[in-house]
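Thanks for making the time, everyone.

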Amino acid sequence: MGKMKLKVADFHCDALSKLQANPGMDFRNDPRLDVTSERLAEGNVELQVFAIYLSAVRGRSKFEDVLGQIEGFRQKVVGTGGLQWLRWKEETVEGGLTAPAFGMLSLEGVDGLEGNLFYAQLCFELGVRCLGVTWNYANWAADGVLERRNGGFTEQGRKLIEWCNGSGMLLDVSHLAPAGFWELMERSVRPFIASHSNSAAICAHPRNLSDDQIKALIARDGRIGLTFVPWFVREGGEAGREDMRRHIEHVCGLGGSGQLMFGSDFDGIEAWVGGLEHPGKYAEFADLLLKYYPEDEVRGWLYGNAWGFLREQLPSSAGTNPLLPFTES
């Protein structure tokens, strides 16, 4: 009898920016990609979130580049790649076990929206469902983690929070400066996530979350996606699969077993955690976790916690998603 393969949800990869930079890449099996259709199937990844990330290499972030990555997702990931596009709460119930893997779109840094909330609305209508406010530096909405002044949200950024809460666009605090994190905790009426961040107590990198941040996310029933960026896993940057356990145990020790998930950052990294080089390796990682932890907990971390959050927090296709007013107040 074959080994049981646990289902996986991964909340962050950067394959879209690679596909945009290299139009000849085939999402199904191109060896230059960490994340491919074949490897998702190999690792039993039933949900992969694809970030729209605009690299500084391309110059100033423009909305047309955001649209280009949405179109790349539509053609290459959903089209030839065969993934099913997750947009609505109803799809988390209907899909069942017969559906192919789901792909969901997120935006990593709102720079490409050019300060225009109509562009945010358009992204929503085009199927983007999660919005990371910043990358590492400041933009029109807020400060990122490497911006030394540690500012919160701008006035326009506060309007963005309000719009996300009203429309059903999920918010993501990975990369957001601590001041912005705490301001969002005050201003957001809905729980939010950190899609790809680890524990700062275990590895003191500015992109990792403090215990207070982790506890606050747990209290709001948000989600924490532990990530496979080696230098976020272990100081010095050389890390193996076993090193991930220290972060898992730390978050669980703070009461977060029900809020823990994974956000690999595959295709956004050029060095990998040993044994976690691509999504096909999730099956072996699951086997490792099952040696140490109860199966129901491992199932939650790998899939159930992420999927449960989306089942509750995604907007409904039957709901009214408020359009923006035509005049700024």
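By a salt bridge I mean a side-chain nitrogen of Lys or Arg within 4 Å of a carboxyl oxygen of Asp or Glu. Before I use that term, please keep in mind that this is a predicted model, in which local features need pLDDT of at least 70 and side-chain atom pairs count only at pLDDT 80 or more, whereas totals for chains, interfaces and linings use all residues. Residues are numbered from 1 along each chain as its sequence is written, and side-chain values use heavy atoms, with hydrogens and water left out.

A search of the whole structure finds 15 salt bridges. One of them joins the side chains of Arg-149 and Asp-143, with an N to O distance of 2.7 Å. For burial I use relative accessible area, where buried means under 20%, exposed means over 50%, and partly exposed lies in between, computed with a 1.4 Å probe and protein chains only. On that scale Arg-149 is exposed at 61%, while Asp-143 is buried at 3%.

A second pair is Glu-155 and Arg-158, whose closest N and O atoms are 2.8 Å apart. Helices (H or I, at least four residues) and strands (E, at least two) are DSSP runs, numbered from the N terminus. Because Glu-155 and Arg-158 are three residues apart in helix H6, residues 155–167, about one helical turn separates them. Glu-155 is exposed, at 56% relative accessibility, and Arg-158 is partly exposed, at 26%. Glu-277 and Lys-281 also form a salt bridge, with the closest N and O atoms 3.8 Å apart. Salt bridges that share partners, moreover, join Glu-155, Arg-158, Glu-183 and Arg-187 into one network.

Let me turn to the interior. A nonpolar core here is a set of buried Ala, Val, Leu, Ile, Met, Phe, Trp, Tyr and Cys residues joined through side-chain atoms within 4.5 Å. Which members of the largest core touch the most other members? Of its 77 residues, they are Phe-50, Leu-160, Phe-262 and Phe-285. There is also a second, separate core of 17 residues, which includes Phe-102, Met-261, Tyr-303 and Phe-309. Taking contact as heavy atoms within 4.5 Å, and leaving aside neighbours within four places in sequence, Phe-285 is in contact with Phe-228, Arg-241, Met-244, Ile-248, Phe-262 and Leu-276.

Two backbone angles deserve a careful look. Most residues other than glycine have a negative phi. Glu-114, however, has a positive phi of about 55°, and its place is in the loop between strand S4 (102–108) and helix H5 (117–125). Asp-267 likewise has a positive phi, near 70°, and lies in the loop between strand S9 (260–262) and helix H11 (282–292). Glu-114 is partly exposed at 37% relative accessibility, whereas Asp-267 is buried at 6%.

Finally, the overall picture. The secondary structure comes to twelve helices and nine strands. The radius of gyration is 18 Å, close to the 20 Å that the globule rule gives for 329 residues, so the protein is as compact as a globular protein of that length; the radius is taken over C-alpha atoms, and the rule is 2.2 Å times the number of residues to the power 0.38. The C-alpha trace spans about 65 × 45 × 40 Å along its principal axes, and 57% of the 329 residues count as buried.
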